[in-house]
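Open the model in your viewer and keep the selection panel at hand.

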Amino acid sequence: MLEARDITFKVGDKALVEGVSVRFDPGRLHLIIGPNGAGKSTLVKVLARLLRPHAGQVLYESSDVQRASEIELAKRRAVLSQAVEVAFPLTAREVVMMGRHPHFGSRPGATDEKVVDELMEFFDVTEFERRDYQTLSGGERQRVNFARVLAQLWRPTNSCRYLFLDEPLTFLDIRHQIEFMKKVRAFADAADVVAVGVVHDLNLAARFADQIVLLNQGRVAATGSPAEVLTRERIRSVFGVEPTFVPAGDSGLHIIFD
Amino acid sequence: MTRRHRNRAALIFALSLATLIVLAASIRFGAIDFSVSAIVDALASLLPNRPEPTLDQRIFLELRLPRAVLCLLVGASLGVGGALMQALFRNPIVEPGLVGTSSGAAFGSALFFVLGGVLGVGQSIWSLPAAACLGGVLSTYLVFLLARSREDGRASVVTLLLTGLAVNALFMSAIGFLSYIARDPQARSITFWSLGTLSGASWRAVEVVAVSTVAGTLVALRYAKQLDALMIGEEEATYLGVNVNRLKWVILSVNVVIVAVATAFTGVISFVGLVVPHILRMLGGADNRYLILGSALTGATLLSLADLIARLSLRPAELPIGIVTSAVGVPVFLLLLRRRQYVF
């Protein structure tokens, strides 16, 4: 279980995130939404311990995340970012193998190679294995990175595993966005996985999330199931657009914006 | 993957062989050539119960041999320094000479030659390298301080290179001034500092540079895996469990020390640190452990080759080695600048 207790993060005098308290349970997919500048990315970075909050605590299974050692944390916490730029020619396989860094000493062992094989297979990137990462398209790169991040979280430890997604859909087309969210969804179903992500598309959030956290101006405006959070009044006041709700079969609601 | 490992191991082996061959050539040829039997005799004269070495043998033992060894060490230092800078700044066009480290170190050593005697410091063999390190730290820090952008505190490479250029010019003119007022013959030669030469080689220099080169390379190798993680970005490396700030400090310090100490004895030799890691990346990929080890060997080999050219082309006079390295390095640098494959 992951818990944020009264988190505040500032840059200069400006609070990007202020007094945020949320609980994230394992086995569920939590998506953070909100307009630009709401503090979504900042909150994810604080939760993942890239940024240290000015006030408040982040608890991983009720122990303060600041107390964990870097390597110990890296074995159970991984973050998928918007876009990963590689500075030098690296093959796709070498990029995926990076995910195993916290697990091996100086050279990858047989387990590491096997995990990488399996995940590259799962994300359908085995054919790029020897290709230079820099020559891959945005969608291909993001699949490689997803494989890397899951390689980092493989296999179940005796504690929870934490997956953070920091706007991972930004450079993907609609087909890849949906495929991607399905894979996230499948991974988040594991009983020991706490999955927290930031997405922009309210329809994708509504379709895939178990819990939605709506941020506005650095504060939590609402949390709950998609149907609870995404009301006409909230969308209007927080995003400043007029929504129309359209029933859409078994995948829930579709929202059209004016 | 394993095939790539084998390839890299084979490359390292081939590079070691190349280093030995060039070392053999560089002790054999020069202002005067030594035959193999003369070399053996000269080395044998060091054994106990042998007659005093002849003049020729002493030239070999006290000039030629330390110069060849110093050249290997300095080349290795510059190669490793380049590999570390490029890994740290995630950019293939930075090198110690371009971000001010070398000119600052040269300034520190020139200042030591001019003022050391006056101030009564400098009795220990470590005083000169310490002065060079201070100068190197000062100039490198100055470049990064000035190149840092106001918004996000990070240095863009263009600003970095331009700032490096300006700081280099500043320190070189300071060296010019020191050379002008200097009485010490070594400090008096401005070409020594600005173009680099190994003509001042001695066993004392070898001793000092050996310590910094070997120690620096060993420390760098320990951090190679963390530098690998840095290739996908500072944030991502943090998520993989790397303490990026500590890594930066360690690598910058290692770089400043090995480059500054080498510069103290040879002056500024540019472009070795730029070209060497690049060749290796083309041959065997970007793995940093391979890159560091390979850069040490390739740097040593190329600098020895350059020194051989410097000594042989105008025999019995010699060219400053910096002229040779720049003649090769500048075109490579320009080529890299024009290629769009890298993100600047």
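**Chain B as a whole**

Select chain B and show its contacts: of those between residues at least 6 apart in sequence, 78% join residues at least 24 apart, two residues being in contact if their C-beta atoms, placed from the backbone, lie within 7 Å. This is a predicted model, in which local features need pLDDT of at least 70 and side-chain atom pairs count only at pLDDT 80 or more, while totals for chains, interfaces and linings use all residues. Residues are numbered from 1 along each chain as its sequence is written, and chains are lettered from A and ligands numbered from 1 in the order in which they are written.

Switch to cartoon: chain B has 15 helices and 0 strands (DSSP runs numbered from the N terminus, H or I of at least four residues for helices, E of at least two for strands).

**Helices H13 and H14**

Next, select residues 272-284 (H13) and 288-312 (H14) of chain B, which pack at about 125° with axes 9 Å apart (axes are lines fitted to C-alpha atoms, for helices over the stretch in contact; angles run from 0 to 180 degrees between N-to-C directions). That makes H13(B) oblique to H14(B) (under 35 degrees is roughly parallel, over 145 roughly antiparallel, 65 to 115 roughly perpendicular, the rest oblique).

Show side chains at the contact: H13(B) contributes residues including B:Val276 and B:Arg281, and H14(B) residues including B:Gly294 and B:Leu302.
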